[in-house]
Amino acid sequence: LLQGPVVGGWYRILDQLIPGTTKVVAVKKMVLDQAPRCPCPCPLPWGLLWAQLDALNAWAEVGTGWGCWQGPFTAVSFSAQIWPPVQIANFYFVPLKHRLAVVQCVAIVWNCYLSWKANRM
């Protein structure tokens, strides 16, 4: 319930801040959109997330500490391969009123991947 209005509003703000539909504009919008969510400066939240998943699933046995770190870095690298190209295409080809729907469709696939990755460990 929160994601739709927040992301939809964010896309309207991006269109006001950086008007246009050129390739350069699409890349600028992608950078502004992805930079706050980039885990590169601080991977700790990802590690904490996977450690909590380990604990919740009772996988936190002695000697399996590496498993909680193996997952997030794979997920982070896959995220960096998926979301920037999706967002560039979204900002370049898709009209503003349909961008949220595109992102939510990709998010379903992304969340399925994260769920599969978390339960595979």
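The structure is a predicted model, in which local features need pLDDT of at least 70 and side-chain atom pairs count only at pLDDT 80 or more, while totals for chains, interfaces and linings use all residues. Residues are numbered from 1 along each chain as its sequence is written, and side-chain values use heavy atoms, with hydrogens and water left out.

The chain has 5 helices and 0 strands, where helices (H or I, at least four residues) and strands (E, at least two) are DSSP runs numbered from the N terminus. Along the sequence this gives the pattern α-α-α-α-α. Of the 121 residues in the chain, 31% are buried; buried means under 20% relative accessible area, exposed means over 50%, and partly exposed lies in between, with a 1.4 Å probe and protein chains only.

The largest nonpolar core holds 13 residues, and Tyr11, Trp83, Phe91, Trp110 and Leu114 touch the most other members. Such a core is a set of buried Ala, Val, Leu, Ile, Met, Phe, Trp, Tyr and Cys residues joined through side-chain atoms within 4.5 Å. At least two residues of this core come from each of α1 (3-17), α2 (23-34), α4 (65-93) and α5 (96-120), and α5 gives the most, with 5 residues.

Two packed helices are described by the angle between their axes and the distance between the axes. Axes are lines fitted to C-alpha atoms, for helices over the stretch in contact, and angles run from 0 to 180 degrees between N-to-C directions.

| Helix pair | Angle | Axis distance |
|---|---|---|
| α1 and α2 | about 135° | 11 Å apart |
| α1 and α5 | roughly 135° | within 10 Å |

The helix α1 is therefore oblique to α5, and α1 and α2 are oblique to each other as well, because angles under 35 degrees count as roughly parallel, over 145 as roughly antiparallel, 65 to 115 as roughly perpendicular and the rest as oblique. Contact here means heavy atoms within 4.5 Å. Between α1 and α5 the contact is made by Gln3, Gly4, Val7, Gly8, Tyr11, Arg12 and Asp15 of α1 and by Leu96, Arg99, Leu100, Val103 and Gln104 of α5. For α1 and α2, the contact is made by Trp10, Tyr11, Leu14 and Asp15 of α1 together with Lys29, Leu32 and Asp33 of α2.

The loop between α1 and α2 contains threonine 22, which is partly exposed, with a relative accessible area of 44%. Threonine 22 and phenylalanine 93 are 71 residues apart in sequence, and their C-alpha atoms are 9.5 Å apart in space.
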